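Trainee: I would like to go through the labels used for this model and the cut-offs behind them. Please set each value against its definition.

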Amino acid sequence: VLFATGSSILADNRLRVRAQGLPPNAIGYFLASTTLGNVPMAGGSQGTLCLGGAVGRLNAPGQAQNGGSCGLFDLTLDLAMMPQPTGFVSVLPGETWTFQCWHRDANPGLPSNFSNAVSVTFF
């Protein structure tokens with residue numbers, strides 16, 4: 001389960017995304033896009049990628065995570081440095097960004113999965 005907490009006011013720069021209920025000791029990271037999508041089994045995954053267009057990976061040092069025995073990822077976002085395939089961008093007022101978590105899944109089948117997605121409109 002993925003959810004966002006904090007503030008959608010850009011000047012606050014205080015938005016956190018959290019994924020919980022992941023497999024124990026799973027590794028992974030958050031994804032971000034301004035475009036919704038629907039790609040079942042993306043990249044050979046079990047789940048559905050809910051993002052489309054330019055998808056940024058929040059996988060810089062300190063952002064990629066290991067969920068430990070609790071199966072929990074938690075990240076405070078820097079809204080002035082959102083990753084995109086062409087580099088970093090600042091979130092602008094009125095934009096809606098959607099976030100999703102990609103993680104390894106240790107079941108005997110496919111090697112990864114996605115959380116649900118959550119969208120936030122910024123002011």
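Trainee: Why is Arg 57 called exposed?

Mentor: Arg 57 has a relative accessible area of 52%. Exposed means over 50%, buried under 20%, and partly exposed in between, with a 1.4 Å probe and protein chains only. Arg 57 therefore counts as exposed.

Trainee: What should I know about the model and the numbering?

Mentor: This is a predicted model, in which local features need pLDDT of at least 70 and side-chain atom pairs count only at pLDDT 80 or more, while totals for chains, interfaces and linings use all residues. Residues are numbered from 1 along each chain as its sequence is written, and side-chain values use heavy atoms, with hydrogens and water left out.

Trainee: Where does Arg 57 sit, and which residues is Arg 57 in contact with, leaving aside its neighbours within four places in sequence?

Mentor: Arg 57 belongs to strand β6, residues 56-58. Contact means heavy atoms within 4.5 Å. With neighbours within four places in sequence left aside, Arg 57 is in contact with Tyr 29, Phe 30, Leu 31 and Pro 83. From Arg 57 to Thr 35 the C-alpha to C-alpha distance is 14 Å, at 22 residues apart in sequence.

Trainee: How many helices and strands does the protein have, and by what rule?

Mentor: There are zero helices and twelve strands. Both are DSSP runs numbered from the N terminus: helices are H or I with at least four residues, strands E with at least two.

Trainee: What makes the protein as compact as a globular protein of that length?

Mentor: The radius of gyration, taken over C-alpha atoms, is set against the globule rule, 2.2 Å times the number of residues to the power 0.38. The protein has a radius of gyration of 14 Å and the rule gives 14 Å for 123 residues, so the protein is as compact as a globular protein of that length. Of these 123 residues, 40% count as buried.

Trainee: How do you know that the structure holds zero disulfides?

Mentor: A disulfide is a pair of cysteine sulfur atoms within 2.5 Å. The sulfur of Cys 50 has its closest cysteine sulfur in Cys 101, 12 Å away, which is too far for a bond. Seen from Cys 101, the closest cysteine sulfur is that of Cys 50, also at 12 Å and too far. The count of disulfides is zero.

Trainee: Are Cys 50 and Cys 101 buried, partly exposed or exposed?

Mentor: Cys 50 has 23% relative accessibility, so Cys 50 counts as partly exposed. Cys 101 has 0%, so Cys 101 counts as buried.
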